[in-house]
Amino acid sequence: TRRGRMKRFRRHGQESHRDKLKQELYQFNKTVEHGFPHQPSALGYSPSLQLLAIGTRSGAIKLYGAPGVEFMGLHEENAAVTKVFFLPNQVELVTLLDDNNLHMWTLQAHQGLSELLEIGRFTLTGPPGAPPSVTRITAVLAHSSGELLLLGTEGGHVFVVEVPGFRELEDKNISLEAVQSRAPEGRRNLESVEDLQENPLNPRQVLVGYGRGLMVLWDLDVNDGSYCRWMVNGEDTQNEPEKEVPYGNFPCKAITKIIQLPTTRGPPFLIFSGGMPRASYGDRHCISVISGKTHVALDFTSRIIDFFVIGEGEWQKVDLQTEGWPIIQTPYLVPLHSSAITCSHHVSGIPLKLWERLQTAGKLQKTHYSSKPWPLIGGKNLSADPPQRDLLLTGHEDGTVRFWDASGVCLYPMYKLSTASVFQTDADLNDNMNQGLEGEWPPFRKVGCFDPYSDDPRLGIQKIHLCKYSGYLAVAGTAGQILVLELNDESLEQSVEGTLVDLLQGQEGFRWKGHARLEEREESVNFPPGFQPFALIQCQPPAVVTALTLHSEWKLVAFGTSHGFGLFDYQQKNTVLVRCTLNPSDQLAMEGPLSRVKSIKKSLRQSFRRIRRSRVSMRKQHTNNAAKLQEINARMEAEALQEMELAPVQRKIEARSSDDSFTGLVRALYFADSFLSDSTHNTPSLWAGTNGGSIFAYTLRLPPTERRAEEPVTAHPAKEIQLMHRAPVVGLLILDGRGAPLPEPLEVAHDLARSPDMQGSHHLLVVSEEQFKVFTLPKVSSKMKLKLTAVEGSRVRRVSVAWFASSRTEEYGENGLVVLTNLGDLHVLSLPHIKMQVHYPCIRREDISGIASCVFTKHGQGFYLISPSEFERFSLSARWVVAPKCLVEAPHQASTSSGKHHKSRAQPDGVAVGHRGESEDGEVLKEIQKSLEGDQTTHLENNLKIKAASGVMSNGEEEEGI
């Protein structure tokens, strides 16, 4: 009994020590969201804080300042954000949701860091029995005092609310009846309040714009309903403003927003959205900029929400100080989904030399950007410099691979690789379809890169593998194509010769019913500096490549599809091994994933090309067949909507098919130098795992280094394993004599990992969807296993090895196996004993695309898509955490004065200010205003349609002021 008690006591002590160690190793955090907010619906800007706010249809609110300064909040209600307003010279902001509720947020400092917190909410209530339109908010004005909110409604009323307490000031309200009683005859049907603006020369006066064109200037200090005429230019008389139509006499769409920015030198800038000729260009998303004789229509690739400048799928910032008005490169809010993301690949600890070469190649692609620094400088970034250089590579449906600097909080674009030029496609023709022709009117200039439609989905990238030590890259696509590329600092003109690999190995009775393979170009192609292809492998049948791995030390690349796997020597450019894994009953594997929607997608692509070509032809001939073009525009919009609905459905069908049906589909490929024939001689090997629970191992014979270029590499079958439960094999891993995973190719040669223990016994770890099983080598006898199916319905979807360093000491760390299940849960298992350490819920089980998109890092972090345009970053490590750490302080209150000579005063954030001298520019709005207006300071959130020297201009019917 005494010995038993001692044993239990020791076990308890060991568990307590282990629990303490787990706290030092593991900690789950969702840290930051990278990319562009999904479905943006509102924009706010604070000149005093130098912060930008974006609200979305899902109720998220995101704030951005200097690079690294980011905040995120989420409304409890599942309602869209329709308006965002900062309170002037304060750290508070107000959001309006489409449920008509107002919410107050603040940036509250806590332990030296700011947090975005919701501190209040308010629902406008009208008199008893009043219809909902009386309180339905349509316009909001944050008064420059920082103490009042003016709320215009659909019923024509203006309510005045005190903030931050949200107390209605009934004596200051502007009732519809009070305005109607004093309006001119025939203009008393006012409709809704469309806009509210503060008089920049007198903060007591507010300009109210009504839906029927009537504008009223109201004095908040006078409650008798008196009114007056606002003379902007200070003259005694005001003539009827002259009506101008920028784009000719043909019927044009409405100008939805217009701003005139005066300058101290040169003509003013006139900036407006909309106004395009309705028949010919009514479907364009344009912002026109006019300054003197310079006139450019910025043609955006996504719908305009508001400006300073934001689109539905991306945002752009235009430098109007530099000749040619170039785009300023943005350090964040980059559209990850300019083409749909199809796969991701993360590489940690990039060597400095490779990093600098990538930066150089990327800079050559960005020569059209402005050299001006990023103008948003709000807040202080208190995060430490990243401990290492990390890359996130995203593959896209259009055949591009984008390289992102994922070292810190900002996901910054470094370099873009395009594979389409290797093949014969229509991509080259369509790249220039939307560019303006010389002498064309309106003078379009394409802005942005958002283009969700791929002309040929076979180009889509499905797998990526980058060797950070050698600079070799392998990418594989939807139509069975595998490209091997090498980083080159000089441009090169060459043709890429393809090698056809027949994965069916001559088996009869099978006929491929899917898409055709891509045909490579026969002529030479000029490849710019960066990654350049030198080898092309084409699988036949041209099915989606489902597995890919590259061994840069052996100069080999292995690939797999639903029909089998192959091994290619990219130094000698010949095939080493082909193995067919197709089951005779798997007729579904012969259809191809694109066959279900092939015909409709093909017709959609053809429609787009036909419409685009007809447009170009019509413009060249300067025809004006408005009715026909309008019909084409409508048809293209309908087809675009249909295409958008098809895309996610297609991906879901493909994922389910590969998981549940194709037993021969290759899920895992793995290179290892281990023991297969006996326990004394290690040999290079290739391992492959399939969807049906089969594992194939081949020994590889590599010639000596001096004869590597002449003698062939050979592969010989060594082992075959069939898992009893026949669950799909998700991952393969060999552990050395110390129980540590084998190092990556060239990792030991670069002194970044110690040599593997080749004295003790090696073990094979097989990860299937249902369990983790360890086999001894070379006998391949089962040693231990852990079943995941103890959790009902749980299946392994992603698995990776990560190093977990202690948060207490730099001397200690452990390898762990990171697992993501189909339920969205994360697990960490110990190595080599395969014991569960921690588990955390991470992704909603209904979010199939989020689970499928997850990628792990080597240091216990991960990324997954929370929308088509956003990555959520998370960390399982207590030490490696990349998260925003920033501080925003309240700005100093600007002094106000009144009198005959008006001095500088505090203005409401987002309301235009009067003309100022050059000496005051830098103090008020600094760099961000300069990029839009030269030496002037005009607040960018000006919702007034236009303020011109001669009065108020309109874009519709005749208007008058009272």
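Trainee: Which residues form one aromatic cluster in this structure?

Mentor: In this predicted model, the cluster consists of Phe-28, Tyr-840, Phe-856, Tyr-864 and Phe-874. One of these residues, Phe-856, stands opposite Gly-862 in strand β55.

Trainee: What makes the sheet that contains β55 an open one?

Mentor: Its four strands follow the order β1-β56-β55-β54, with antiparallel pairing. β1 (26-35) and β54 (855-856) stand at the edges with a single partner strand each, so one side of each has no neighbour in the sheet.

Trainee: What makes strand β43 mostly covered?

Mentor: β43 spans residues 683-690, and eight of its eight residues are buried. Thr-683, Ser-685, Trp-687 and Gly-689 point one way, while Pro-684, Leu-686, Ala-688 and Thr-690 point the other way; all are buried.

Trainee: Which strands pair with β43?

Mentor: Strand β42 (residues 666-674) runs antiparallel to β43 and is joined to it by eight bridges; here Asp-673 stands opposite Pro-684. Strand β44 (residues 694-701) also pairs with β43 in the antiparallel sense, over five bridges, and Trp-687 stands opposite Ala-697. β43 and β44 form a hairpin with three residues between them, and Gly-693 in the turn has a positive phi of about 80 degrees.

Trainee: Why is the pair of Tyr-64 and Tyr-332 called stacked?

Mentor: A search of the whole structure finds 17 aromatic pairs. In the pair of Tyr-64 and Tyr-332, the distance is 5.3 Å centre to centre and the angle between the planes is 20 degrees. Centres within 6.5 Å make a pair, and planes under 30 degrees apart count as stacked, so the name applies. The two residues are 268 apart: Tyr-64 lies in strand β4 (residues 60-64), and Tyr-332 in the loop between β24 (327-328) and β25 (341-347). Both Tyr-64 and Tyr-332 are buried.

Trainee: Why is the pair of Phe-565 and Phe-696 described as tilted?

Mentor: The ring centres of Phe-565 and Phe-696 are 6.0 Å apart and the planes stand at 40 degrees. Stacked requires under 30 degrees and edge-to-face over 60, so the remaining angles are tilted. Phe-565 is in strand β40 (residues 564-569) and Phe-696 in strand β44, so the pair ties together parts that are 131 residues apart in sequence.

Trainee: What makes Phe-565 and Phe-696 count as buried?

Mentor: The relative accessible area is 0% for Phe-565 and 7% for Phe-696. Buried means under 20%, so both values qualify. Of the 962 residues of the protein chain, 56% count as buried.

Notes. Residues are numbered from 1 along each chain as its sequence is written. This is a predicted model: local features need pLDDT of at least 70, side-chain atom pairs count only at pLDDT 80 or more; totals for chains, interfaces and linings use all residues. Side-chain values use heavy atoms; hydrogens and water are left out. Buried means under 20% relative accessible area, exposed over 50%, partly exposed in between (1.4 Å probe, protein chains only). Two strands pair if DSSP finds at least two bridges between them.
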